[in-house]
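Me: Could we go through the side-chain contacts in this model together? I would like to begin with the aromatic residues and then turn to the charged ones.
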Amino acid sequence: MMRALIKKELRTFIRKQFQFLLLLTAITIFVIVFNLDGSNKFNPILISSFTVTFFVPYTFGWISFQKEKENKNISYLLASPLNIKEIFLGKMLAVLLFTQVFMLWGIIVQYITNIFSMGVIANFEILLTVLITFPIWSAVLSGLVGIGLLAFDNPFIVRILLFLFLIFVGMNGNLWKKLIILENWQNLILIFLGLMAILGIIYFVDIFGKRLMLE
């Protein structure tokens with residue numbers, strides 16, 4: 001059942017073809033342009049991946065929660081063998097996997113670009129950041145967006161906070177640099193904190209989620 005739920009969520013995301021292709025195109029252009037720019041001091045795949053971490057939950061993460069309410073499917077979901085914790089976890093895992101798709105595409109584009117230039121090669125630390133750390137936090141953010149939707153019947157509040165934070169980071173070069181250049185131990189700490197945050201979200205929805213979903 002969990003696998004079926006995740007597949008359903010991924011199909012829902014892919015149906016948003018405009019947003020999907022727009023983000024895919026933005027990543028492609030971003031990585032190519034910055035990878036070919038020898039004067040660029042930041043790793044293009046890290047910058048694009050960091051951006052994806054926020055834009056996937058901002059653009060796609062709230063869709064599944066909103067669709068359940070719009071299509072009146074909440075009662076059917078709650079009557080399924082999955083409990084509220086598993087439903088929420090399945091939706092966050094779908095966002096995590098969907099984020100990894102964009103991350104992998106960025107890595108592929110970077111390697112292709114490196115054929116024509118001396119770009120940065122993704123080492124183990126970069127791969128760990130891009131494929132594990134960032135997707136976990138993308139799932140966390142999608143869970144927070146979902147809670148915002150359930151609590152306020154509108155994800156706008158959480159989405160606008162994500163947008164403002166992204167602008168704040170984008171305008172602060174030093175903070176941007178600190179956030180995207182992670183050592184192995186920093187990755188491990190962020191992975192642990194991200195997993196704890198996911199557990200915290202699951203615990204919250206286990207207590208309050210069912211009542212909020214039915215309201």
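Me: Is Phe-98 buried or exposed?
Reply: Phe-98 has a relative accessibility of 2%, so this residue counts as buried. Buried means under 20% relative accessible area, exposed over 50%, and partly exposed in between, with a 1.4 Å probe and protein chains only. The model is predicted: local features need pLDDT of at least 70, side-chain atom pairs count only at pLDDT 80 or more, and totals for chains, interfaces and linings use all residues. Residues are numbered from 1 along each chain as its sequence is written, and side-chain values use heavy atoms, with hydrogens and water left out.

Me: And Phe-102, buried or exposed?
Reply: Phe-102 is buried, with a relative accessible area of 1%.

Me: Why is the pair of Phe-98 and Phe-102 called edge-to-face?
Reply: The ring centres of Phe-98 and Phe-102 are 5.1 Å apart and the planes stand at 90 degrees, so the pair is edge-to-face. Rings of Phe, Tyr and Trp (its six-membered ring) pair if their centres lie within 6.5 Å; planes under 30 degrees apart count as stacked, over 60 as edge-to-face and the rest as tilted.

Me: Where do Phe-98 and Phe-102 lie?
Reply: Both are in helix H6, four residues apart, which is about one turn of the helix. Helices (H or I, at least four residues) and strands (E, at least two) are DSSP runs, numbered from the N terminus.

Me: How many aromatic pairs does the structure hold?
Reply: There are six aromatic pairs. One of them is formed by Phe-20 and Phe-102; this pair is tilted, at 5.5 Å centre to centre with 50 degrees between the planes. Phe-20 lies in helix H2 (residues 17-36) and Phe-102 in helix H6, so the pair ties together parts that are 82 residues apart in sequence. Phe-20 is buried at 17% relative accessible area.

Me: Which residues do the ring pairs link into a cluster?
Reply: The cluster consists of Phe-13, Phe-20, Phe-98 and Phe-102.

Me: Now the charges. How many salt bridges are there?
Reply: The count is two, where a salt bridge is a side-chain nitrogen of Lys or Arg within 4 Å of a carboxyl oxygen of Asp or Glu. Glu-9 meets Lys-8 at 3.1 Å, N to O, and Glu-9 also meets Lys-91 at 3.0 Å, N to O. The latter pair links distant parts of the chain: Glu-9 is in helix H1 (residues 2-15) and Lys-91 in helix H6 (residues 84-114), 82 residues apart. Salt bridges with shared partners join Lys-8, Glu-9 and Lys-91 into one network.

Me: Are Glu-9 and Lys-91 buried or exposed?
Reply: Glu-9 and Lys-91 are both buried. Lys-8 is partly exposed, at 29% relative accessible area.
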